Amino acid sequence: LAACETPVIKAIPYLNKPEEAIPGQGVWYASSFYNGEDFASILVKTREGRPIHIKGNKKYGLFKGGINARINSSVLSLYDSDRLGHPTKGGEEISWDQADKDIMAALNAAKTSGKKVRLLSQTLISPSTLLAIGDFLKSVNGEEGDQASHIMYDAVSYYGMRSANMASFDKEAIPSYHFNKAKTIVSIAADFLGGWLMSTDYAVQYGEVRNPNSNWMARHYQFETLMSITGTNADHRTAIKASQEGVVAATIYNKLATQLGGSKLGVDTSGIDEGVDAQIDMAVADLINNRGTSLVVGGSNDKEVQIVINKINILLGNYGKTIDLDNEIFLHRGNDQEVQDLVKDMNNGEVDVLMIYGANPSYTLANAAEFNAGLEKVGTTISFGLYADETGTKTQYILPDNHYLESWNDLSPCNGEYALTQPVIS
């Protein structure tokens, strides 16, 4: 009988009810999401001031409402009990005033000693944040100094693509891709529906050209090792070894060059088996039939592989049509060489202050052991983040950041496009 008692729920009415708040009815806010990898224009549903659901914003903003599972579930991290609530020093809670005092003293000591001050962050696309960082660096460096610098780092690097575009076009940038203008799509290990570059945008574009009720449908060829979301949607999916990505790209280029006129690459393609070669022949035939309305992309971070893919798209006349280098995207601007130089400087004892913002290199960096060894040789180490993660637990200070649903900010994911985030908690 005791178990069957009705629970007592006490409802306390508003003393002064906000006009827009109706108990039991959701209030929606327009905002934007960015976590260093994914970007989307979103709508956030709140109940009594608490965000409970996120969906894409189809009526306003970028990408026509495209989101993925990471974005949809990001509201859960707002209520994560593991989030830090206070600054810590050596694992012990301290005040913000104490943290400011200690870190300012460390920066002043670094300026006196002449040792390096480094800020390591994920790729940042907020113009305001970048301006604030620029002002901070000027305060340390003075007018012409170079003691302090900002280094961007991506857990999933696209530095090979940026370097290839620098070699091919003298422009270290990632172009905009227009999948909705491509009648033939060839992807070599690029999961553009599941996480490659701006997949939230590409998924919407791809849906437009895969509509059986439209005048035409794109034909999609996928060459990859592991089954991806993109591969499951392809007309022709071909399994290859990870080591064959460059060979497949070179084979496609050589077959195109033979038919369209061009210098063949001196690459040994004898390792391609007959089944893969037959699929390449089909893809090449479609690419030739749709020159200027085709698109070839690759997921490799190898500069040389990306240069070959650039050559393919140049030969097909895709630049300026399905690929736009004049309107670059600002995501994934991490510089692998600068990160490796930082690790070397840390291990040489040349870095006195290291601040880490929105990145977790102790977990995601390929040579994390070398990074962690260098971290112990830095005078003052600071982590800005939501959690005491693998990197934060190894730094002296952890300064908790705000969740994106608690913050005002501006974002510029690509050339000429701007978005805002806003706090949606009352």
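Mentor: Contact here means heavy atoms within 4.5 Å. Please bear in mind that the model is predicted.

Trainee: Of the contacts with a separation of 6 or more, what percentage is accounted for by residues 24 or more positions apart?

Mentor: The protein has 426 residues, and it contains 12 helices and 18 strands. Its C-alpha atoms fill a box of roughly 70 × 65 × 45 Å along the principal axes. Among contacts with a separation of 6 or more, the share from residues 24 or more positions apart is 66%.

Trainee: Why does serine 407 count as buried?

Mentor: Serine 407 is found in the loop between strand E16 (397-400) and strand E17 (409-411). Beyond its neighbours within four places in sequence, it is in contact with Asn402, Thr421, Gln422 and Pro423. Buried means under 20% relative accessible area. Serine 407 counts as buried because its relative accessibility is 16%.

Trainee: How far does helix H10 reach from its first C-alpha to its last?

Mentor: Helix H10 covers residues 336-347, which makes 12 residues. At 1.5 Å a residue, the expected value is 16 Å. The model is close to that, for H10 reaches 17 Å.

Trainee: Where around the axis of H10 do its buried residues lie?

Mentor: The buried residues of H10 are Val339, Leu342, Val343, Asp345 and Met346. They cover an arc of only 165° around the axis, so they lie on the same side of H10. In general, an α-helix has 3.6 residues a turn, so residues three or four places apart point the same way. What covers the buried residues of H10 includes strand E6 (116-121), strand E7 (148-152), strand E14 (351-357) and helix H12 (368-375).

Trainee: At the start of H10, which residue has a backbone nitrogen that a side-chain oxygen of asparagine 335 approaches to within 3.0 Å?

Mentor: The two ends of H10 may be taken in turn. Just after the helix, glycine 349 has a positive phi of about 75°. At the start, the side-chain oxygen of asparagine 335 comes to within 3.0 Å of a backbone nitrogen, and that nitrogen belongs to glutamine 337.

Trainee: Which helix supplies the largest share of the lining of the second largest pocket?

Mentor: This pocket has a volume of about 340 Å³. Its lining comprises 18 residues, of which Phe63, His178, Asp201, Gln205 and Cys414 lie nearest its centre. In helix H5 (residues 199-208), the buried residues include Asp201 and Gln205, and the buried residues of H5 pack against elements including strand E2 (39-47) and strand E9 (184-188). The largest share of the pocket lining, five residues, comes from H5.

Trainee: Which element gives the most to the lining of the largest cavity?

Mentor: The largest cavity holds about 70 Å³ of space, and its lining residues include Met161, Tyr177, Val296 and Asn310. Helix H4 (159-169), strand E8 (174-177), strand E12 (294-298) and helix H9 (303-316) each supply at least two residues of that lining. The element that gives the most, with four residues, is H9.

Definitions and conventions: Residues numbered from 1 in each chain as written. Predicted model: local features only at pLDDT ≥ 70, side-chain atom pairs only at ≥ 80, totals over all residues. Heavy atoms only, no water. Expected span 1.5 Å × (residues − 1). Buried < 20%, exposed > 50% of the residue type's maximum accessible area, 1.4 Å probe, protein only. Arc of directions from axis to C-beta. Polar contact = N/O pair within 3.5 Å; in protein donor to acceptor, adjacent residues only side chain to side chain. 1 Å grid on protein atoms, 1.4 Å probe; cavity = no way out; pocket = protein on both sides within 12 Å on 5 of 7 lines; lining within 4 Å. Points joined across faces, edges and corners; volume = space filled by probe spheres on them.
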